[in-house]
Amino acid sequence: MTGLRERFAQLLREAPSDAHAVEFENRWYDWADLRSAGEQLDRVLNRHGLGPDSRVGVVLENRPEHVAVLIATIATKRCVVTLSPLQPVERLIADIERSKVPVVVASAGVLERTGVADALAGGGVTLRLQPNCTIEDLGGDRRPESRLTNPGVMVEMMTSGTTGPPKRVDLADRQVDRAVSVMAAPPTDGRLVRESVSLVVAPLVHVGGLWSVLAPLYAGRRIAMLSKFAVDPWVDLVERHRPRAAGLVPAALRAVLDAEVDPARLSSLAVVTCGTTYCPPELASAFFERYGIRVLMTYGATEFAGAVAAWTKPMHEKWWDAKKGSVGRAVPGVDLRVVDEDGTVLAPGMEGILEIRSAQSPLGSGTWVRSSDRAVIDEDGFLYIKGRTDAAIIRGGFKVHPHVVEAALRRHPSVRDAAVVPWPDRRLGQVPVAAVEVVAGRPRPEPEELRERCREALTPYEVPTFVVVLDQLPRSPSAKVSRVDLMAVIESELRSRAERPAGEVVHEAG
């Protein structure tokens, strides 16, 4: 198997200069553009003494010049340290400082944000990346506390941070090479590049978006990129490039359905892969019924360099009606099992803690790694995720699993999605509180109506003490519900309720 570093180095050396590589805003960037940016980056980094194994911080945006920096850093045996431009300035600056990178590559737009350039000028080398794939050295010296190298690591990436503070994880060369070998392969007919096109709409700073770039380029395919997902531009890409497969998060699936896109415009698609967060099976079925496009769920984690379980098209054709709600079976080279808290392996159909063994693991192929998810594996090997082990709410000694409460709330016809979080309680320690996202155009449910629905389906201690009805749940850039932000929304609603004058009607249940 050709490793990702070797393959990208070969493409930057040998791909035809006029071969298309990345389409963005109706313009094609050729391999000559990517090669030029890569050569500039290599020269500048070498001039600052940052050779192989050096850590390169990249404020990674969905743009062609950022793709060029990404693959050039990998090809020259350096380590990409991803930094998110989607976060507020204060958090971006703090992230850069915590990462201790000796150099930061960022667009002019990021550097023009208030405070960013001043913070970078205080230490470290800064490189400005221009839309024409040129790189400007703005100078600076490596800070004494910089961590210069990270040998054997291809990417340092932040987890999503939707349930708490994000953490940075190392993706070693062997992990990434193993993961890409499952997803893609270079041409076998002697060609370096192909004419087929893959679509890129997820943020590159998240593992799903990163793979949507790395895998097709490794396979020699071209990519057509959006800066962020929107229905009309995405449909336009599908119509023009006629891909057989695409990737969409659940929120994007809903957006396409809500827009009532003409099925003829999506007729090239046979499958849509769907990951990053839970996809309700009824949403996947509705998409299939409307468009005839099979929705293939995937399950993975940043620490495992991507997917460890997934549906395939043949599996979907045979099993979907019987296995709705599953995230599929283990991908090749991955072993899955479910254990109790003492590590005893549980029989098929029993719920417990999911453990994973894979060459994609940070600990290597011989070690079982305990995940933070509760799961069931049935007798046919299909995996069902039942919630996070660290998400259980202990209400006066009783354990409440948010996914159970969320499922009950989603049964209401006006509820599109739901999220449940713990709230401090002086007497019980914690209580479950909920927020729901309503379906546009349907009657808006009253919070007490939703709680009554929960009473019919749940035990008394599982019923949320407070429900907020929202047009949209707060989400991260990867479209997961951000429970950190949701707590702030609920706190604001509770404070508002407490401040209302006596006798005023309150639209939340308590």
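Student: Where does Ala301 lie?

Tutor: Ala301 lies in strand 14, residues 294–301, where helices (H or I, at least four residues) and strands (E, at least two) are DSSP runs numbered from the N terminus. This is a predicted model, in which local features need pLDDT of at least 70 and side-chain atom pairs count only at pLDDT 80 or more, while totals for chains, interfaces and linings use all residues. Residues are numbered from 1 along each chain as its sequence is written, and side-chain values use heavy atoms, with hydrogens and water left out.

Student: Is Ala301 buried, exposed or partly exposed?

Tutor: Buried means under 20% relative accessible area, exposed means over 50%, and partly exposed is in between, with a 1.4 Å probe and protein chains only. Ala301 has a relative accessible area of 27%, so Ala301 is partly exposed. Ala301 and Val207 are 94 residues apart in sequence, yet 8.0 Å apart in space, C-alpha to C-alpha.

Student: Which residues have the most contacts inside the largest nonpolar core?

Tutor: In soluble globular proteins, nonpolar side chains tend to be buried together. A nonpolar core is a set of buried Ala, Val, Leu, Ile, Met, Phe, Trp, Tyr and Cys residues joined through side-chain atoms within 4.5 Å. Here the largest has 62 residues, and those with the most contacts inside it are Leu4, Phe8, Trp31, Leu127, Trp211, Val213 and Met225. Apart from it lies another core of 41 residues, among them Leu199, Leu253, Val261 and Val295.

Student: How do helix 7 and helix 8 pack?

Tutor: Two packed helices are described by the angle between their axes and the distance between the axes. Axes are lines fitted to C-alpha atoms, for helices over the stretch in contact, and angles run from 0 to 180 degrees between N-to-C directions. Helix 7 (residues 173–183) and helix 8 (residues 207–218) pack at about 70 degrees, with their axes 10 Å apart. Angles under 35 degrees count as roughly parallel, over 145 as roughly antiparallel, 65 to 115 as roughly perpendicular and the rest as oblique, so helix 7 and helix 8 are roughly perpendicular to each other.

Student: Which residues of helix 7 and helix 8 meet?

Tutor: Contact means heavy atoms within 4.5 Å, and in this case Val176, Ala179, Val180 and Met183 of helix 7 meet Trp211, Ala215 and Tyr218 of helix 8.

Student: How do helix 2 and helix 3 cross?

Tutor: The axes of helix 2 (residues 31–47) and helix 3 (residues 64–75) come within 9 Å and cross at roughly 60 degrees, and the two helices are therefore oblique to each other.
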